Amino acid sequence: MMAANSTSGTGGKSSGGKQSGPSAEQVVATFQRMRQEQRSMASKAAELEMEINEHSLVIDTLKDVDPSRKCYRLVGGVLVERTVKEVLPALENNKEQISKIVESLNTQMQAKGRELTEYRERYNIRLVGEDDKQGKNTTSQAKESEGGGSKSGAGVLVS
């Protein structure tokens with residue numbers, strides 16, 4: 001029907017099969033994959049935040065200790081004997097590096113969130129439970145979308 005669709009025939013595999021637009025199943029699968037990527041990033045960021053907290057606790061404890069005192073550090077699964085003055089700068093450096101990674105992950109999560117929002121708007125995706133919020137504003141539209149959506153055949157409901 002559209003001229004743009006005829007030119008995308010060779011690139012159909014890389015763009016998700018856009019001969020006549022992706023099917024509802026493809027839209028849902030892509031949306032769920034994008035949500036899973038965002039959840040995975042959030043999980044990794046939370047894990048790294050815990051690492052930062054652990055580093056902070058150890059750093060705060062070691063600051064009050066004599067710098068020449070023996071200290072043991074786990075490096076690649078091996079317990080290594082060092083002194084506090086050798087370990088403290090390494091811990092502070094590690095904490096700083098982890099903080100940078102967390103900032104990077106947060107930026108990526110925000111970008112993924114914007115991408116998800118654009119994708120939802122492009123394909124008119126509504127999440128389960130969202131109809132309740134919309135129902136307060138426009139009850140008749142929510143009922144039509146729950147009942148099969150005679151107006152919007154392109155709408156997709158994702159649980």
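Predicted model: local features only at pLDDT ≥ 70, side-chain atom pairs only at ≥ 80, totals over all residues.
**View 1. Glu 47 is partly exposed at a relative accessibility of 44%, and Lys 44 is its salt-bridge partner.** Lys 44 is partly exposed too, with a relative accessible area of 38%. Residues are numbered from 1 along each chain as its sequence is written, and side-chain values use heavy atoms, without hydrogens or water.

**View 2. Salt bridges with shared partners link Arg 33, Glu 37, Lys 112 and Glu 115 into one network.** Begin with Arg 33 and Glu 37, whose closest N and O atoms lie 2.9 Å apart in a salt bridge. Both belong to helix α2, which covers residues 24-63, and at four residues apart they are about one turn from each other. Arg 33 is partly exposed at a relative accessible area of 45%, and Glu 37 is also partly exposed, at 29% relative accessibility. Glu 37 has a further partner: its side chain meets that of Lys 112 in a salt bridge with an N to O distance of 2.5 Å. Because Lys 112 is in helix α3 and Glu 37 in helix α2, this pair ties together parts that lie 75 residues apart in sequence. The structure holds six salt bridges.

**View 3. Lys 112 is a buried residue of helix α3.** The relative accessible area of Lys 112 is 11%. Who are the residues that Lys 112 touches, not counting those up to four places away in sequence? They are Met 34, Glu 37, Gln 38 and Met 41, where contact means heavy atoms within 4.5 Å.

**View 4. Leu 105 of helix α3 comes together with Lys 44.** Along the chain Leu 105 and Lys 44 are 61 residues apart, yet 8.2 Å separates their C-alpha atoms. With neighbours within four places in sequence left aside, the contacts of Leu 105 are Met 41, Lys 44, Ala 45 and Leu 48. Leu 105 counts as buried, since its relative accessibility is 11%.

**View 5. Tyr 119 and Tyr 123 make a tilted aromatic pair.** The structure holds one aromatic pair. In this pair, Tyr 119 and Tyr 123 have ring centres 4.8 Å apart and planes at 55° to each other. (Rings of Phe, Tyr and Trp, the last by its six-membered ring, pair with centres within 6.5 Å; planes under 30 degrees apart are stacked, over 60 edge-to-face, and the rest tilted.) The two tyrosines are four residues apart in helix α3, so about one helical turn separates them. Are Tyr 119 and Tyr 123 buried or exposed? Both are buried.

**View 6. Helix α3 takes in residues 84-123.** Helices are DSSP runs of H or I, at least four residues long, strands are E runs of at least two, and both are numbered from the N terminus. With 40 residues at 1.5 Å each, α3 should span 58 Å, and the 57 Å between its end C-alpha atoms agrees; the expected span is 1.5 Å times one less than the residue count. Buried residues in α3 include Val 84, Val 87, Leu 88, Leu 91, Ile 98, Val 102, Met 109 and Leu 116. Just past the helix, Asn 124 adopts a positive phi of about 55°.

**View 7. The protein chain has five helices and four strands.** Starting at the N terminus, its elements run α-α-β-β-α-β-α-α-β. Of its 159 residues, 25% are buried. Taking contacts between residues at least 6 apart in sequence, 64% join residues at least 24 apart.

Conventions
Buried < 20%, exposed > 50% of the residue type's maximum accessible area, 1.4 Å probe, protein only. Salt bridge = Lys/Arg side-chain N within 4 Å of Asp/Glu carboxyl O.
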